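Good morning, and thank you for coming. Please look at the sequence and the structure as I put them on the screen.

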Amino acid sequence: MTTTPRSAAGTEPVPSPAISETPGTDNAPRPLLAVVLAATFMALLDVFIVNVAAPTIGSELQASGAELQLVVAGYTITYSVLLITGARLGDRYGHGRVHLVGMALFTAASLACGLAQGATELIAFRLVQGIGSAVMIPQVLSLIQRNFVGEARVKALGAYSAVLAVGAVAGQILGGVLVSADLFGTGWRPVFLVNVPVGVVLLIVGRRVLPRGHGSARGRGLDLPGLVLLGAAVSLFTVPLVLGQEEDWPLWSWLSLAGAAFLFAGFCRYESGLARRGGDPLIAPRVLRHPGMGLAVLRILAVMAVNGGFLFVLTLHVQGGLGYSALRAGLTFAPTAVVFGLVGLTWRRWPAAWQRALAPAGFLLTALSVAGVGLVLDGGGDGGARVYVAYAGVGVGLALAFSPTLTRALATVLPEDAADASGLLATVTQLGQLTGVAAFGTLFLNRLESLGAFEAYTSAEALSACMFALAGTAAVGAVSGLVLRRR
């Protein structure tokens, strides 16, 4: 079974095809590793940079709360839906070639985002950015596995995990630096434009060092009907969740949510039928039926929804309500990301007797910590040192809830199902974050609107409501194992 690194505060496992043990023909593996890791770092930075820059984007583009949610979540919509398809494109047309295509699209979309003149343009280009990332990132692990063997492969995968762990912290800090610096009066635009020179350099070097193979003519099918059904279902679910609050929940929003449920049911039925006919469904039904996979999907959805919602609403509060600069906001979140990375990289070394209890304990700690954030920040204060303890508790709890769940789910699947399982959990990770931003962002904005003003006190009250809702979601994750095992 292929090795899949753990998530780091918003990153995810990347689906990879069955890997040959024969190293590739590339004679410069170190430059190859540098290129693919730099691309991974760039894509990861983009997620967290935008999160920190969101309030500034909203004020400068006069974006509504719903538009701001779509700026953050738009990238995730296309990325989550196209992630598995991106992996299959690499298997069919060659991982090096497809990686370069994705990088070119990501770089061009970053330039377009940085030059956008309105919120609608920015949302559209963020969707394109997500497409580029979905084509580029799934090739990284495959390129590492095909071009490194033995101890060199272990070291390369270790470097990949380190990039995931560091990228979350670096993205938040770099985002704060770029927005606060206001380079040449450009405000938030450098958070996207910084990708352009980096992407151009990686494209030039990548053309020299990445393998140019054509892939396998017998690569797995792309399942375009399944892709359309899944994309439509995700869109019909997300749009009313984001826009419904501003429109006072009109009839179309409820019809859209009902349509999403209908299309998702149709997607599941189509995928089952395609598998019975011997086709290549996006998500193999037998993987979903694997013991423990249903629990893993539910837990990963819960933990990533908490992660996405927590970061989004807290960013709005500390910058909009407390008046923090973007840099201070980025530094504020650093304890959560640092602790998440450290725990994610070390939990396997903890006593064996603790292992099965780590995920439920992580959910409980997350519930207590996010509730603690709400209590400490209640009243409009900055929380002092206590809030950083709560932030660190959130990081530890999220890491314990996510990493053991992911690892245990992937460790028990059959080798021939490893790529499908990894792709499923990667997609679920992204959909969880998307749901968190949409649902809890809407709750925060709705509560804030009902209070009538965006001030420290009212923002803190809206934040408190969200934190307790997040705590409830984490509590569901904690008890889900008991319920599903009993069933």
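Of the 487 residues of the protein chain, 59% count as buried, where buried means under 20% relative accessible area with a 1.4 Å probe, protein chains only. This is a predicted model, in which local features need pLDDT of at least 70 and side-chain atom pairs count only at pLDDT 80 or more, while totals for chains, interfaces and linings use all residues. Residues are numbered from 1 along each chain as its sequence is written, and side-chain values use heavy atoms, leaving out hydrogens and water.

The chain has 17 helices and zero strands; these are DSSP runs, with at least four residues (H or I) for a helix and at least two (E) for a strand, numbered from the N terminus.

Let us turn to helix α1. This helix covers residues 29-60, and 23 of its 32 residues are buried. Where does α1 bend? The bend, of about 55 degrees, is at A53, and a proline, P55, follows within four residues. Here the bend is the angle between axes fitted to the seven residues ending there and the seven starting there. Just after α1, Q62 has a positive phi of about 55 degrees.

Next, a pair of helices. Helix α13 (residues 326-346) packs against helix α15 (residues 384-411) at an angle of about 35 degrees, their axes lying 7 Å apart. Axes are lines fitted to C-alpha atoms over the stretch in contact, and angles run from 0 to 180 degrees between N-to-C directions. Contact means heavy atoms within 4.5 Å. Among the residues making this contact are F340 of α13 and Y388 of α15.

Key: Expected span 1.5 Å × (residues − 1). Buried < 20%, exposed > 50% of the residue type's maximum accessible area, 1.4 Å probe, protein only.
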